[in-house]
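Hi,

Here is the structure I promised to hand over. Have a look at it first, and my notes follow below.

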Amino acid sequence: GYKRPHSHDIRCLALIGGSSMLISGGVDPRIFGYKAQQFLSQHPTPLSPAPQVPLMSTCTLHRTDPKHASGSSPYKVHVLLVQHDQHLDVWQVHTTPAPPPHHGGQHHSSAASAQRPLPPKNTLQIKKSGEGHIVCSAIHPSGKLLVYSDNKQSVPVALSWTEDQAVGSHTCKASLLTGASEKQCVTLPAAQCLAFSPDGGTLVLGRSDSIHILDVVDDELQTYSLVSSDKLKESSLIPRSDEPVRLMQISPDGLWLAVARSSRVELYSMESRSFHAILGPFSQPPSGLAFQPAHILTVVSVDNGLRQFDLVKKKMSALWSANSKKGLPSRFTKLRGGVCGMTHRPENEPSDRPRDCSAGSTDIQALFFTTSAICYADFSRSFPSETKSGGKRRRVNGSGAFESSGEVGENFRVVAQNDPLLFASFLTRDDLLLVETPWASVLHQLPAPLHRHLYGS
């Protein structure tokens, strides 16, 4: 039998996942995935051309303004780390200013102008030396340290920040982290995935054969313990596998570590440095992990599958069990390209803007993003009933993107994006960062067209 999903010539084929998945690419240009065992019985799945694992991460600098009218006042500078093949870019993307002083209910014009957002600024570029590409990277939550890895080693880099009082922006300088002798740079084992704990006290290096857990003390990395693959394979609870680590996430309280591989998610106790449970198997690789609250883990996969687990009880969470009986809304399951990642809306985040706190501590709100849309979900509310408007594809402003579906305030509302979306993350409870690539820049990077004679002419 055969399939004909491409409209033009097919130029490449690849087998992945132990030959269980066939990938084809053509000059259309489109990418399709086929389940090898169900090649004839199932239709191929169109895949997103963008990487499923976001190559970006954020952190927050906590600064103090000594010139504030009410005295020394704290404010936050939000930083974005962008990973490329041979270099890393560090951007200052947003500043959460200190609240201006009040004078008879009026703000001074100078204070109001100080709150005007600054445009994003590329504060630093770190170029990799040697051969090979950067595989993964992570930045410390306070912005004082970043780590990147290739296929040979992981390299920690110390960051120092200085503020330009005149314009309100910051500059950043980088230096390789040195050991106790101050003559030799610190190097760590190569990793497939890197993650800092939310408090910045722990760095985790994930590999297919081992998991390194290191403490971060005074900007220095000290080896604390090692969870080796030999010990894991001795346990009957963990199946033997050489699957690479795709994602890692540490809970806000620092007690749990979730490690996502191609077909499962492994859970570890950071307190005892021991294996806790395994979730899966998943039919498609996980593309997003998030803890909220600390003992509830949300897992989303590239086929728009979604699950929530209670780590303490080792089963589906109560909220998820109550809501999932209706099934996920079709406008979420049919998001084009597959969910590339997710971000939870922070809890207990100080904000100057009023908000509804009626949901209390049971708020579990998340934003899922694909390359063409974002979807906002509140798991403390019931799932919406199906409507005819969800999931339809129409021309919007001359493009072939999905149209937005769902009313304002409706659960699982989908908002379409005009340009390809690469990354999304909540900076505060009320501020969301979206990173897009304008289509003009995409077209500019395409190679020159290939001219050839057709039909022998």
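A definition before the sheets: two strands pair if DSSP finds at least two bridges between them. Helices (H or I, at least four residues) and strands (E, at least two) are DSSP runs, numbered from the N terminus. Keep in mind that this is a predicted model, where local features need pLDDT of at least 70 and side-chain atom pairs count only at pLDDT 80 or more, while totals for chains, interfaces and linings use all residues. Residues are numbered from 1 along each chain as its sequence is written, and side-chain values use heavy atoms, with hydrogens and water left out.

**Sheets**

β24 and β25 run antiparallel and are joined by two bridges. Within that pair, Phe309 has Met316 of β25 as its bridge partner. Both strands belong to an open, antiparallel sheet of four strands, ordered β22-β23-β24-β25. β22 (286-291) and β25 (315-316) are the edge strands, each with a single partner, so one side of each has no neighbour in the sheet.

Another open sheet of four strands has the order β1-β2-β3-β4, again with antiparallel pairing. Here the edges are β1 (10-16) and β4 (45-47), each with a single partner strand, so one side of each is left without a neighbour in the sheet. On average, neighbouring strands of this sheet are turned by 30° against each other, direction ignored (axes are lines fitted to C-alpha atoms, for helices over the stretch in contact, and angles run from 0 to 180 degrees between N-to-C directions). Inside the sheet, β2 (residues 21-26) pairs with β3 (residues 31-35) in the antiparallel sense over five bridges, and Ile23 stands opposite Gly33 in β3.

**Confidence**

pLDDT is the predictor's confidence in each residue, from 0 to 100. The chain averages 77, and 72% of the residues score at least 70. Strand β9 (residues 136-139) has the highest confidence, at 95, and helix α2 (residues 229-234) the lowest, at a mean of 38.

Two stretches to handle with care: pLDDT stays under 50 over residues 102-114, with seven contacts beyond four places in sequence, and also over residues 224-236, with 25 such contacts. A contact means heavy atoms within 4.5 Å. Where pLDDT is low, the predicted coordinates should not be read in detail.

**Cores**

A nonpolar core is a set of buried Ala, Val, Leu, Ile, Met, Phe, Trp, Tyr and Cys residues joined through side-chain atoms within 4.5 Å. Buried means under 20% relative accessible area, exposed over 50%, and partly exposed in between (1.4 Å probe, protein chains only).

The largest nonpolar core has 19 residues, of which Leu146 and Leu159 touch the most other members. Two or more residues of this core come from each of β5 (56-65), β6 (73-83), β7 (87-96), β8 (121-127), β10 (145-149) and β11 (153-164). Not counting residues up to four places away in sequence, Leu146 touches a list of residues that includes Leu81, Leu88, Val90, Ile126 and Leu159. A second, separate core has 18 residues, among them Leu335, Ile364, Phe379 and Phe412.

Phe412 sits in the loop between β28 (373-378) and β29 (413-416) and is buried, with a relative accessible area of 0%. Asn304 also has a positive phi, about 65°, without being a glycine. Its place is in the loop between β23 (296-301) and β24 (306-310), and at 4% relative accessibility Asn304 counts as buried.

**Salt bridges**

With a salt bridge taken as a side-chain nitrogen of Lys or Arg within 4 Å of a carboxyl oxygen of Asp or Glu, the count comes to six. One of them links Arg345 and Asp430 at 3.4 Å, N to O. Arg345 lies in the loop between β26 (341-344) and β27 (365-369) and Asp430 in the loop between β30 (421-426) and β31 (432-436), so this pair ties together parts that are 85 residues apart in sequence. Arg345 is buried at 18% relative accessibility, whereas Asp430 is partly exposed at 23%.

Shared partners join Arg261, Arg264 and Glu266 into one network of salt bridges. Glu266 meets Arg261 at 3.0 Å and Arg264 at 2.6 Å. Glu266 is buried, with a relative accessible area of 1%, as are Arg261 at 3% and Arg264 at 7%.

Cheers
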